[in-house]
Amino acid sequence: MAAPVLRGCCPGRRWALACIDRSSRLGGGAPTGSRCSGKKGQSSVAPQHLVTARKPRKGEHEWAAVVGLEIHAQISSNSKLFSGSQVHFVAPPNSLVSFFDASLPGTLPVLNRRCVEAAVMTGLALNCRINKKSLFDRKHYFYADLPAGYQITQQRLPIAVNGSLAYSICVGMKRSQVINKTVRIKQIQLEQDSGKSLHDDLRSQTLIDLNRAGVGLLEVVLEPDMSCGEEAATAVRELQLILQALGTSQANMAEGQLRVDANISVHRPGEPLGVRTEVKNLNSARFLARAIDYEIQRQIRELESGGEILNETRSFDYKLGCTVPMRDKEGKQDYRFIPEPNLPPLLLYDSASLPAGTDPQQVINIDQIREQLPELPSVTREKLVRQYGMLPEQSLTLLNEVGLLEFFQNVIKETRAEPKKVTSWVLNIFLGFLKQQNLAVSESPVTPSALAELLDLLDRKVISSAAAKQVFKELWGSEGKTPAQIVSEKKLELMQDQEALEQLCQATLEEYPQVVMDVKKGNPRAINKLIGLVRKATLSRAEPTVIKEILEKKLSS
(Lines give C-alpha, C1' and ligand atoms only; values in the text may rest on other atoms or scores of the structure.)
Protein backbone atom coordinates (compact mmCIF):
# COMPACT_ATOMS: atom_id res chain seq x y z
CA MET A 1 0.00 0.00 0.00
CA ALA A 2 1.34 3.42 -0.93
CA ALA A 3 2.66 5.77 1.73
CA PRO A 4 0.39 8.72 2.55
CA VAL A 5 1.09 12.01 0.79
CA LEU A 6 3.24 14.22 3.00
CA ARG A 7 2.44 17.91 3.27
CA GLY A 8 5.56 20.07 3.31
CA CYS A 9 6.12 22.45 6.21
CA CYS A 10 8.89 24.80 7.26
CA PRO A 11 11.02 23.20 9.98
CA GLY A 12 10.44 24.50 13.47
CA ARG A 13 12.81 26.98 14.99
CA ARG A 14 15.40 25.65 17.41
CA TRP A 15 14.93 27.18 20.82
CA ALA A 16 17.29 27.77 23.71
CA LEU A 17 17.62 25.05 26.31
CA ALA A 18 15.10 25.31 29.10
CA CYS A 19 15.21 24.51 32.72
CA ILE A 20 13.04 24.12 35.61
CA ASP A 21 13.74 24.90 39.17
CA ARG A 22 14.93 22.03 41.34
CA SER A 23 11.78 20.20 42.41
CA SER A 24 10.43 20.97 45.84
CA ARG A 25 8.62 18.03 47.32
CA LEU A 26 5.73 17.63 49.67
CA GLY A 27 5.34 14.88 52.21
CA GLY A 28 3.96 14.07 55.57
CA GLY A 29 1.03 12.26 53.97
CA ALA A 30 -2.63 13.15 54.04
CA PRO A 31 -5.60 11.95 56.00
CA THR A 32 -7.20 8.75 54.84
CA GLY A 33 -9.36 9.27 51.80
CA SER A 34 -9.20 11.73 48.98
CA ARG A 35 -9.50 15.04 50.85
CA CYS A 36 -6.49 17.34 51.07
CA SER A 37 -4.80 18.21 54.30
CA GLY A 38 -4.34 21.77 53.08
CA LYS A 39 -0.87 22.02 54.63
CA LYS A 40 2.02 23.24 52.54
CA GLY A 41 5.78 23.33 52.81
CA GLN A 42 6.33 20.01 54.54
CA SER A 43 9.34 17.86 53.70
CA SER A 44 8.97 15.25 51.00
CA VAL A 45 9.45 11.59 50.49
CA ALA A 46 13.14 10.81 50.24
CA PRO A 47 14.22 10.10 46.62
CA GLN A 48 14.94 6.42 47.13
CA HIS A 49 13.60 3.24 45.62
CA LEU A 50 11.95 2.26 48.89
CA VAL A 51 9.67 4.96 50.17
CA THR A 52 8.27 4.93 53.67
CA ALA A 53 5.61 7.05 55.31
CA ARG A 54 7.48 6.83 58.59
CA LYS A 55 10.39 4.99 60.09
CA PRO A 56 9.39 1.30 60.08
CA ARG A 57 9.17 -0.51 63.38
CA LYS A 58 11.22 -3.62 63.97
CA GLY A 59 10.03 -6.38 61.67
CA GLU A 60 7.82 -4.05 59.67
CA HIS A 61 8.27 -4.00 55.91
CA GLU A 62 8.87 -0.85 53.93
CA TRP A 63 6.85 0.22 50.94
CA ALA A 64 8.11 0.38 47.36
CA ALA A 65 6.74 3.02 44.98
CA VAL A 66 6.40 2.55 41.22
CA VAL A 67 6.04 5.53 38.87
CA GLY A 68 5.45 5.59 35.11
CA LEU A 69 4.86 8.62 32.89
CA GLU A 70 2.97 9.54 29.74
CA ILE A 71 4.37 12.75 28.26
CA HIS A 72 2.69 14.80 25.54
CA ALA A 73 5.00 17.17 23.66
CA GLN A 74 3.65 19.65 21.12
CA ILE A 75 5.61 19.36 17.88
CA SER A 76 7.37 22.51 16.66
CA SER A 77 5.61 22.98 13.34
CA ASN A 78 4.06 25.93 11.55
CA SER A 79 0.88 23.97 10.86
CA LYS A 80 -1.21 21.22 12.41
CA LEU A 81 -0.80 17.45 12.06
CA PHE A 82 -3.50 16.86 9.44
CA SER A 83 -4.50 20.35 8.27
CA GLY A 84 -2.90 23.55 7.01
CA SER A 85 -4.07 25.66 9.95
CA GLN A 86 -1.33 27.69 11.59
CA VAL A 87 -0.07 27.00 15.11
CA HIS A 88 0.25 29.97 17.49
CA PHE A 89 0.05 30.04 21.26
CA VAL A 90 -1.39 33.56 21.39
CA ALA A 91 -4.24 33.97 18.90
CA PRO A 92 -7.90 35.02 19.18
CA PRO A 93 -10.14 32.07 20.11
CA ASN A 94 -11.23 29.89 17.18
CA SER A 95 -9.19 31.93 14.69
CA LEU A 96 -6.91 29.04 13.64
CA VAL A 97 -9.51 26.41 12.77
CA SER A 98 -9.78 24.74 9.35
CA PHE A 99 -12.81 22.83 8.07
CA PHE A 100 -10.99 19.59 8.97
CA ASP A 101 -10.22 20.81 12.52
CA ALA A 102 -13.92 21.58 12.98
CA SER A 103 -14.75 18.11 11.58
CA LEU A 104 -17.01 19.35 8.82
CA PRO A 105 -18.35 16.55 6.55
CA GLY A 106 -16.24 15.68 3.53
CA THR A 107 -12.91 16.91 4.90
CA LEU A 108 -9.92 14.54 4.82
CA PRO A 109 -6.60 14.47 6.72
CA VAL A 110 -3.32 15.30 4.95
CA LEU A 111 -0.26 14.22 6.94
CA ASN A 112 2.29 16.93 7.86
CA ARG A 113 5.78 15.86 6.77
CA ARG A 114 7.47 18.03 9.41
CA CYS A 115 5.63 16.23 12.21
CA VAL A 116 6.73 12.82 10.93
CA GLU A 117 10.35 13.96 10.65
CA ALA A 118 10.17 15.36 14.20
CA ALA A 119 8.88 12.03 15.50
CA VAL A 120 11.65 10.09 13.74
CA MET A 121 14.35 12.47 14.99
CA THR A 122 13.05 12.27 18.56
CA GLY A 123 12.91 8.48 18.38
CA LEU A 124 16.52 8.29 17.16
CA ALA A 125 17.73 10.65 19.90
CA LEU A 126 15.98 8.46 22.51
CA ASN A 127 17.56 5.24 21.22
CA CYS A 128 14.28 3.91 19.85
CA ARG A 129 13.70 1.44 17.04
CA ILE A 130 11.96 3.28 14.22
CA ASN A 131 9.17 1.26 12.67
CA LYS A 132 9.35 1.46 8.88
CA LYS A 133 5.63 0.82 8.84
CA SER A 134 3.32 2.49 11.35
CA LEU A 135 -0.47 2.78 11.47
CA PHE A 136 -3.01 5.41 12.46
CA ASP A 137 -6.08 4.62 14.56
CA ARG A 138 -9.21 6.34 15.75
CA LYS A 139 -9.66 6.60 19.50
CA HIS A 140 -13.33 7.30 20.20
CA TYR A 141 -14.55 9.34 23.14
CA PHE A 142 -16.95 12.23 23.57
CA TYR A 143 -15.84 15.60 24.80
CA ALA A 144 -16.97 19.07 23.82
CA ASP A 145 -13.54 20.17 22.59
CA LEU A 146 -13.14 17.10 20.34
CA PRO A 147 -15.42 17.92 17.38
CA ALA A 148 -14.98 14.62 15.52
CA GLY A 149 -15.81 12.48 18.55
CA TYR A 150 -12.49 10.67 18.07
CA GLN A 151 -8.75 11.36 18.14
CA ILE A 152 -6.37 10.16 15.42
CA THR A 153 -3.47 8.42 17.19
CA GLN A 154 -1.16 5.37 16.82
CA GLN A 155 -2.39 2.69 19.18
CA ARG A 156 -1.53 -0.55 17.35
CA LEU A 157 1.76 0.21 15.63
CA PRO A 158 3.46 3.49 16.70
CA ILE A 159 6.27 5.18 14.83
CA ALA A 160 8.99 4.38 17.43
CA VAL A 161 9.38 1.75 20.18
CA ASN A 162 11.81 0.32 22.75
CA GLY A 163 14.01 3.30 23.57
CA SER A 164 15.72 4.64 26.69
CA LEU A 165 16.26 7.97 28.42
CA ALA A 166 19.36 8.47 30.57
CA TYR A 167 19.30 11.17 33.25
CA SER A 168 21.37 12.18 36.27
CA ILE A 169 20.36 13.08 39.82
CA CYS A 170 22.47 15.08 42.27
CA VAL A 171 22.34 13.62 45.79
CA GLY A 172 24.12 14.12 49.11
CA MET A 173 24.07 16.90 51.67
CA LYS A 174 25.55 19.39 49.19
CA ARG A 175 24.08 17.62 46.13
CA SER A 176 27.61 17.03 44.93
CA GLN A 177 27.25 13.33 44.10
CA VAL A 178 25.85 12.50 40.67
CA ILE A 179 23.91 9.24 40.16
CA ASN A 180 23.17 8.16 36.58
CA LYS A 181 19.83 6.46 35.93
CA THR A 182 17.96 5.17 32.88
CA VAL A 183 14.25 4.82 32.22
CA ARG A 184 12.93 2.64 29.40
CA ILE A 185 10.73 4.16 26.71
CA LYS A 186 7.88 1.93 25.63
CA GLN A 187 6.84 3.90 22.57
CA ILE A 188 6.55 7.25 20.83
CA GLN A 189 3.40 7.92 18.83
CA LEU A 190 1.99 10.70 16.71
CA GLU A 191 -1.46 12.01 17.61
CA GLN A 192 -3.75 15.02 17.49
CA ASP A 193 -4.26 17.41 20.35
CA SER A 194 -7.77 18.38 21.43
CA GLY A 195 -9.20 21.86 21.77
CA LYS A 196 -9.53 23.79 25.03
CA SER A 197 -12.54 23.96 27.32
CA LEU A 198 -12.62 27.28 29.15
CA HIS A 199 -14.87 27.05 32.21
CA ASP A 200 -16.62 30.27 33.23
CA ASP A 201 -17.84 29.60 36.76
CA LEU A 202 -19.32 33.09 37.09
CA ARG A 203 -21.77 32.51 34.25
CA SER A 204 -21.97 28.73 34.76
CA GLN A 205 -20.92 27.99 31.20
CA THR A 206 -18.07 26.38 29.29
CA LEU A 207 -16.53 28.03 26.22
CA ILE A 208 -14.73 26.05 23.52
CA ASP A 209 -11.55 27.19 21.75
CA LEU A 210 -10.52 24.93 18.85
CA ASN A 211 -7.24 26.70 18.01
CA ARG A 212 -5.33 23.80 19.59
CA ALA A 213 -7.53 21.09 18.03
CA GLY A 214 -5.45 19.04 15.60
CA VAL A 215 -2.04 20.34 16.68
CA GLY A 216 0.58 17.59 16.34
CA LEU A 217 1.69 15.82 19.50
CA LEU A 218 4.40 13.34 20.34
CA GLU A 219 3.24 11.02 23.11
CA VAL A 220 6.27 9.53 24.85
CA VAL A 221 5.36 6.62 27.12
CA LEU A 222 7.93 5.87 29.85
CA GLU A 223 7.95 2.47 31.54
CA PRO A 224 7.35 2.41 35.34
CA ASP A 225 11.06 2.44 36.19
CA MET A 226 10.99 5.40 38.59
CA SER A 227 10.22 5.47 42.28
CA CYS A 228 9.77 9.08 43.43
CA GLY A 229 8.91 12.57 42.34
CA GLU A 230 12.48 13.78 41.95
CA GLU A 231 13.38 10.97 39.56
CA ALA A 232 10.29 11.65 37.44
CA ALA A 233 10.86 15.42 37.38
CA THR A 234 14.53 14.99 36.46
CA ALA A 235 13.67 12.56 33.65
CA VAL A 236 11.11 15.03 32.28
CA ARG A 237 13.64 17.89 32.46
CA GLU A 238 16.16 15.79 30.53
CA LEU A 239 13.56 14.96 27.88
CA GLN A 240 12.69 18.64 27.70
CA LEU A 241 16.33 19.55 27.04
CA ILE A 242 16.61 16.86 24.34
CA LEU A 243 13.45 18.03 22.54
CA GLN A 244 14.66 21.62 22.59
CA ALA A 245 18.14 20.67 21.38
CA LEU A 246 16.57 18.71 18.51
CA GLY A 247 14.15 21.53 17.71
CA THR A 248 11.29 19.02 17.58
CA SER A 249 9.38 20.76 20.38
CA GLN A 250 9.71 24.03 22.25
CA ALA A 251 8.58 22.01 25.29
CA ASN A 252 7.50 25.12 27.18
CA MET A 253 5.50 23.68 30.06
CA ALA A 254 4.06 27.07 31.02
CA GLU A 255 2.42 27.27 27.57
CA GLY A 256 1.14 23.69 27.70
CA GLN A 257 3.64 22.44 25.12
CA LEU A 258 4.77 19.67 27.47
CA ARG A 259 2.15 17.96 29.66
CA VAL A 260 2.67 14.94 31.88
CA ASP A 261 0.36 12.23 33.24
CA ALA A 262 1.84 10.19 36.11
CA ASN A 263 0.80 6.63 37.01
CA ILE A 264 1.62 5.82 40.64
CA SER A 265 1.27 2.74 42.85
CA VAL A 266 2.84 1.36 46.04
CA HIS A 267 3.40 -2.21 47.23
CA ARG A 268 5.43 -4.11 49.76
CA PRO A 269 8.70 -5.51 48.33
CA GLY A 270 8.22 -9.05 47.08
CA GLU A 271 4.46 -8.66 46.67
CA PRO A 272 2.49 -7.93 43.46
CA LEU A 273 2.26 -4.35 42.27
CA GLY A 274 -0.47 -2.28 43.87
CA VAL A 275 -3.49 -0.60 42.29
CA ARG A 276 -2.35 2.49 40.43
CA THR A 277 -3.81 5.96 40.25
CA GLU A 278 -3.23 8.45 37.45
CA VAL A 279 -2.51 12.12 38.11
CA LYS A 280 -3.40 14.07 34.97
CA ASN A 281 -2.16 17.17 33.18
CA LEU A 282 0.87 18.21 35.21
CA ASN A 283 2.44 21.21 33.47
CA SER A 284 5.41 21.90 35.76
CA ALA A 285 8.31 19.65 36.77
CA ARG A 286 8.08 21.07 40.28
CA PHE A 287 4.38 20.24 40.56
CA LEU A 288 5.05 16.82 39.02
CA ALA A 289 7.52 15.98 41.79
CA ARG A 290 5.20 17.28 44.50
CA ALA A 291 2.16 15.46 43.12
CA ILE A 292 3.96 12.12 42.87
CA ASP A 293 5.49 12.32 46.33
CA TYR A 294 2.18 13.36 47.86
CA GLU A 295 0.32 10.55 46.09
CA ILE A 296 2.87 7.98 47.28
CA GLN A 297 2.39 9.10 50.86
CA ARG A 298 -1.38 9.23 50.51
CA GLN A 299 -1.53 5.65 49.23
CA ILE A 300 0.75 4.38 52.01
CA ARG A 301 -1.37 6.09 54.66
CA GLU A 302 -4.53 4.70 53.10
CA LEU A 303 -3.22 1.12 53.05
CA GLU A 304 -1.70 1.28 56.53
CA SER A 305 -5.03 2.44 57.92
CA GLY A 306 -6.81 -0.56 56.38
CA GLY A 307 -8.27 1.21 53.36
CA GLU A 308 -7.91 0.39 49.68
CA ILE A 309 -6.59 2.27 46.68
CA LEU A 310 -9.08 3.00 43.91
CA ASN A 311 -8.12 2.83 40.27
CA GLU A 312 -8.96 6.45 39.58
CA THR A 313 -7.85 9.61 37.84
CA ARG A 314 -6.76 12.48 40.08
CA SER A 315 -5.57 16.03 39.59
CA PHE A 316 -3.03 18.03 41.57
CA ASP A 317 -4.17 21.09 43.48
CA TYR A 318 -0.97 23.14 43.59
CA LYS A 319 -2.42 25.67 46.04
CA LEU A 320 -3.19 23.00 48.66
CA GLY A 321 -0.29 20.76 47.60
CA CYS A 322 -2.37 17.58 47.30
CA THR A 323 -4.11 15.38 44.73
CA VAL A 324 -7.90 15.30 44.43
CA PRO A 325 -10.12 12.72 42.66
CA MET A 326 -11.51 13.49 39.19
CA ARG A 327 -13.16 10.24 38.09
CA ASP A 328 -12.80 6.53 38.79
CA LYS A 329 -11.66 3.95 36.24
CA GLU A 330 -13.44 0.93 37.66
CA GLY A 331 -15.71 0.83 34.63
CA LYS A 332 -12.93 0.97 32.07
CA GLN A 333 -13.79 3.25 29.15
CA ASP A 334 -14.07 1.52 25.78
CA TYR A 335 -12.34 3.76 23.29
CA ARG A 336 -13.41 1.50 20.40
CA PHE A 337 -10.09 1.73 18.57
CA ILE A 338 -10.42 1.17 14.83
CA PRO A 339 -7.97 1.71 11.94
CA GLU A 340 -8.13 5.24 10.53
CA PRO A 341 -9.83 4.64 7.15
CA ASN A 342 -8.64 7.91 5.58
CA LEU A 343 -4.91 7.35 6.17
CA PRO A 344 -2.91 4.48 4.64
CA PRO A 345 0.05 3.00 6.56
CA LEU A 346 2.94 5.40 7.07
CA LEU A 347 5.98 3.92 5.30
CA LEU A 348 9.52 5.04 6.11
CA TYR A 349 12.78 4.00 4.48
CA ASP A 350 16.47 3.77 5.19
CA SER A 351 19.26 4.07 2.64
CA ALA A 352 19.25 0.32 2.00
CA SER A 353 15.49 0.01 1.41
CA LEU A 354 14.91 3.26 -0.50
CA PRO A 355 13.53 2.40 -3.98
CA ALA A 356 15.56 3.69 -6.91
CA GLY A 357 14.20 6.80 -8.59
CA THR A 358 12.00 7.75 -5.62
CA ASP A 359 11.13 11.42 -5.22
CA PRO A 360 12.87 12.42 -1.93
CA GLN A 361 10.02 14.87 -1.22
CA GLN A 362 7.52 12.01 -1.06
CA VAL A 363 9.46 9.70 1.30
CA ILE A 364 11.30 10.03 4.60
CA ASN A 365 14.79 8.58 4.89
CA ILE A 366 15.61 7.49 8.46
CA ASP A 367 19.37 7.47 7.84
CA GLN A 368 19.26 10.99 6.44
CA ILE A 369 17.53 12.24 9.59
CA ARG A 370 20.06 10.34 11.73
CA GLU A 371 22.88 12.29 10.06
CA GLN A 372 21.14 15.57 10.96
CA LEU A 373 20.98 14.85 14.70
CA PRO A 374 22.53 17.76 16.65
CA GLU A 375 24.68 17.50 19.75
CA LEU A 376 22.56 16.17 22.61
CA PRO A 377 22.65 17.56 26.19
CA SER A 378 24.59 14.56 27.55
CA VAL A 379 27.38 15.14 25.01
CA THR A 380 27.41 18.87 25.77
CA ARG A 381 27.83 18.15 29.49
CA GLU A 382 30.72 15.76 28.83
CA LYS A 383 32.42 18.43 26.71
CA LEU A 384 32.02 21.04 29.44
CA VAL A 385 33.61 18.74 32.01
CA ARG A 386 36.46 17.85 29.67
CA GLN A 387 37.09 21.30 28.21
CA TYR A 388 36.72 23.49 31.30
CA GLY A 389 37.51 21.07 34.11
CA MET A 390 34.18 21.64 35.82
CA LEU A 391 32.41 19.08 38.00
CA PRO A 392 29.58 16.95 36.52
CA GLU A 393 27.02 18.57 38.81
CA GLN A 394 28.14 22.01 37.59
CA SER A 395 27.58 20.97 33.97
CA LEU A 396 24.09 19.76 34.94
CA THR A 397 23.20 23.18 36.37
CA LEU A 398 24.58 25.04 33.35
CA LEU A 399 22.30 23.13 31.00
CA ASN A 400 19.26 22.96 33.25
CA GLU A 401 18.93 26.74 33.66
CA VAL A 402 17.45 28.49 30.62
CA GLY A 403 20.08 30.51 28.78
CA LEU A 404 22.78 29.94 31.40
CA LEU A 405 25.07 27.91 29.13
CA GLU A 406 25.00 30.62 26.45
CA PHE A 407 25.70 33.28 29.09
CA PHE A 408 28.66 31.24 30.42
CA GLN A 409 30.11 30.69 26.95
CA ASN A 410 29.86 34.41 26.12
CA VAL A 411 31.73 35.31 29.32
CA ILE A 412 34.42 32.72 28.49
CA LYS A 413 34.91 34.30 25.04
CA GLU A 414 35.45 37.80 26.43
CA THR A 415 37.59 37.23 29.53
CA ARG A 416 41.14 36.13 30.21
CA ALA A 417 40.13 34.64 33.57
CA GLU A 418 40.50 30.91 34.17
CA PRO A 419 37.42 28.81 33.19
CA LYS A 420 37.14 27.48 36.75
CA LYS A 421 36.86 31.02 38.11
CA VAL A 422 34.25 31.87 35.45
CA THR A 423 32.30 28.71 36.36
CA SER A 424 32.37 29.62 40.04
CA TRP A 425 31.18 33.18 39.44
CA VAL A 426 28.40 32.21 37.02
CA LEU A 427 27.03 29.35 39.14
CA ASN A 428 27.48 30.88 42.58
CA ILE A 429 27.36 34.69 42.38
CA PHE A 430 25.43 35.35 39.16
CA LEU A 431 22.93 32.49 39.54
CA GLY A 432 22.53 33.31 43.23
CA PHE A 433 21.44 36.87 42.41
CA LEU A 434 19.00 35.57 39.79
CA LYS A 435 17.42 33.19 42.32
CA GLN A 436 17.10 35.94 44.94
CA GLN A 437 15.29 38.21 42.49
CA ASN A 438 13.36 35.35 40.83
CA LEU A 439 14.68 36.41 37.42
CA ALA A 440 15.46 34.49 34.25
CA VAL A 441 18.93 34.73 32.69
CA SER A 442 17.47 36.86 29.88
CA GLU A 443 16.23 39.38 32.49
CA SER A 444 19.61 39.86 34.15
CA PRO A 445 20.82 43.48 34.44
CA VAL A 446 24.42 42.20 34.24
CA THR A 447 25.54 41.30 30.73
CA PRO A 448 28.19 38.68 29.84
CA SER A 449 30.48 41.52 28.71
CA ALA A 450 30.19 43.30 32.06
CA LEU A 451 30.94 40.14 34.02
CA ALA A 452 33.87 39.37 31.71
CA GLU A 453 35.32 42.85 32.32
CA LEU A 454 34.90 42.43 36.08
CA LEU A 455 36.68 39.07 36.01
CA ASP A 456 39.52 40.62 33.99
CA LEU A 457 39.99 43.27 36.70
CA LEU A 458 40.10 40.51 39.28
CA ASP A 459 42.50 38.41 37.19
CA ARG A 460 44.90 41.36 36.74
CA LYS A 461 44.79 41.91 40.52
CA VAL A 462 43.38 45.39 40.07
CA ILE A 463 40.75 44.60 42.73
CA SER A 464 40.36 42.01 45.48
CA SER A 465 37.78 39.20 45.40
CA ALA A 466 35.75 41.01 48.08
CA ALA A 467 35.83 44.23 46.07
CA ALA A 468 34.80 42.27 42.95
CA LYS A 469 31.66 41.07 44.75
CA GLN A 470 30.94 44.66 45.78
CA VAL A 471 31.35 45.80 42.18
CA PHE A 472 29.01 43.03 40.99
CA LYS A 473 26.37 44.18 43.46
CA GLU A 474 26.71 47.73 42.13
CA LEU A 475 26.46 46.45 38.55
CA TRP A 476 23.25 44.63 39.44
CA GLY A 477 21.61 47.80 40.73
CA SER A 478 23.04 50.46 38.42
CA GLU A 479 22.65 49.76 34.72
CA GLY A 480 24.85 51.73 32.34
CA LYS A 481 28.00 51.79 34.46
CA THR A 482 31.02 49.63 33.66
CA PRO A 483 33.00 47.71 36.29
CA ALA A 484 35.98 50.04 35.75
CA GLN A 485 33.84 53.11 36.40
CA ILE A 486 32.45 51.62 39.62
CA VAL A 487 35.94 50.68 40.82
CA SER A 488 37.16 54.23 40.16
CA GLU A 489 34.15 55.92 41.82
CA LYS A 490 34.25 53.70 44.91
CA LYS A 491 38.09 53.71 45.10
CA LEU A 492 38.18 49.91 45.25
CA GLU A 493 41.58 49.36 43.59
CA LEU A 494 44.01 47.10 45.42
CA MET A 495 46.70 48.83 47.44
CA GLN A 496 49.80 48.88 45.30
CA ASP A 497 51.98 50.43 48.04
CA GLN A 498 53.53 47.42 49.78
CA GLU A 499 55.22 49.60 52.38
CA ALA A 500 51.91 51.24 53.38
CA LEU A 501 50.29 47.81 53.74
CA GLU A 502 53.13 46.60 55.95
CA GLN A 503 52.70 49.67 58.14
CA LEU A 504 48.95 48.93 58.52
CA CYS A 505 49.77 45.35 59.50
CA GLN A 506 52.31 46.53 62.08
CA ALA A 507 49.82 49.04 63.51
CA THR A 508 47.18 46.31 63.83
CA LEU A 509 49.61 44.01 65.70
CA GLU A 510 50.45 46.79 68.13
CA GLU A 511 46.78 47.73 68.64
CA TYR A 512 45.62 44.18 69.43
CA PRO A 513 48.30 42.54 71.63
CA GLN A 514 45.84 40.00 73.08
CA VAL A 515 45.04 38.63 69.60
CA VAL A 516 48.79 38.44 68.92
CA MET A 517 49.21 36.41 72.14
CA ASP A 518 46.42 34.05 71.00
CA VAL A 519 48.24 33.49 67.70
CA LYS A 520 51.48 32.67 69.51
CA LYS A 521 49.59 30.23 71.77
CA GLY A 522 48.52 28.32 68.67
CA ASN A 523 44.92 29.52 68.26
CA PRO A 524 44.28 29.06 64.49
CA ARG A 525 41.35 31.50 64.48
CA ALA A 526 43.36 34.37 65.85
CA ILE A 527 45.34 34.94 62.63
CA ASN A 528 42.05 35.18 60.71
CA LYS A 529 40.87 37.87 63.10
CA LEU A 530 44.04 39.87 62.46
CA ILE A 531 43.57 39.48 58.69
CA GLY A 532 40.01 40.75 59.02
CA LEU A 533 41.13 43.77 61.04
CA VAL A 534 43.76 44.71 58.46
CA ARG A 535 41.28 44.27 55.59
CA LYS A 536 38.84 46.54 57.40
CA ALA A 537 41.56 49.15 57.74
CA THR A 538 42.28 48.92 54.00
CA LEU A 539 38.56 49.07 53.09
CA SER A 540 38.94 45.57 51.56
CA ARG A 541 41.56 46.87 49.14
CA ALA A 542 44.14 44.22 50.00
CA GLU A 543 44.13 40.50 49.25
CA PRO A 544 43.83 38.27 52.36
CA THR A 545 46.67 36.04 51.15
CA VAL A 546 49.06 39.00 50.90
CA ILE A 547 48.01 40.28 54.34
CA LYS A 548 48.52 36.82 55.83
CA GLU A 549 52.05 36.57 54.41
CA ILE A 550 53.02 39.95 55.89
CA LEU A 551 51.48 39.14 59.30
CA GLU A 552 53.15 35.73 59.52
CA LYS A 553 56.48 37.28 58.59
CA LYS A 554 56.15 39.93 61.30
CA LEU A 555 54.92 37.47 63.93
CA SER A 556 57.83 35.11 63.31
CA SER A 557 60.47 37.85 63.52
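Biologist: Is Asp 261 buried or exposed, and what is its relative accessible area?

Modeller: A residue counts as buried under 20% relative accessible area, as exposed over 50%, and as partly exposed in between (1.4 Å probe, protein chains only). Asp 261 has a value of 2% and is buried. The model is predicted: local features need pLDDT of at least 70, side-chain atom pairs count only at pLDDT 80 or more, and totals for chains, interfaces and linings use all residues. Residues are numbered from 1 along each chain as its sequence is written, and side-chain values use heavy atoms, leaving out hydrogens and water.

Biologist: Which residue meets the side chain of Asp 261 in a salt bridge?

Modeller: A salt bridge requires a side-chain nitrogen of Lys or Arg within 4 Å of a carboxyl oxygen of Asp or Glu. The partner of Asp 261 is Lys 280, at 3.2 Å from N to O. Asp 261 belongs to strand 14 and Lys 280 to strand 15, 19 residues apart. Helices (H or I, at least four residues) and strands (E, at least two) are DSSP runs, numbered from the N terminus.

Biologist: How many salt bridges does the whole structure contain?

Modeller: The search finds 21. In one of them, Asp 350 and Lys 132 bring their closest N and O atoms to 2.7 Å. Both residues lie in loops, so the pair ties together parts 218 residues apart in sequence. Asp 350 is buried at 17%, whereas Lys 132, at 37%, is partly exposed.

Biologist: What is the strand order of the open sheet of 3 strands?

Modeller: Strands pair if DSSP finds at least two bridges between them. The order is 8-7-18, with antiparallel pairing. Strands 8 and 18 each have a single partner strand, so one side of each lacks a neighbour in the sheet.
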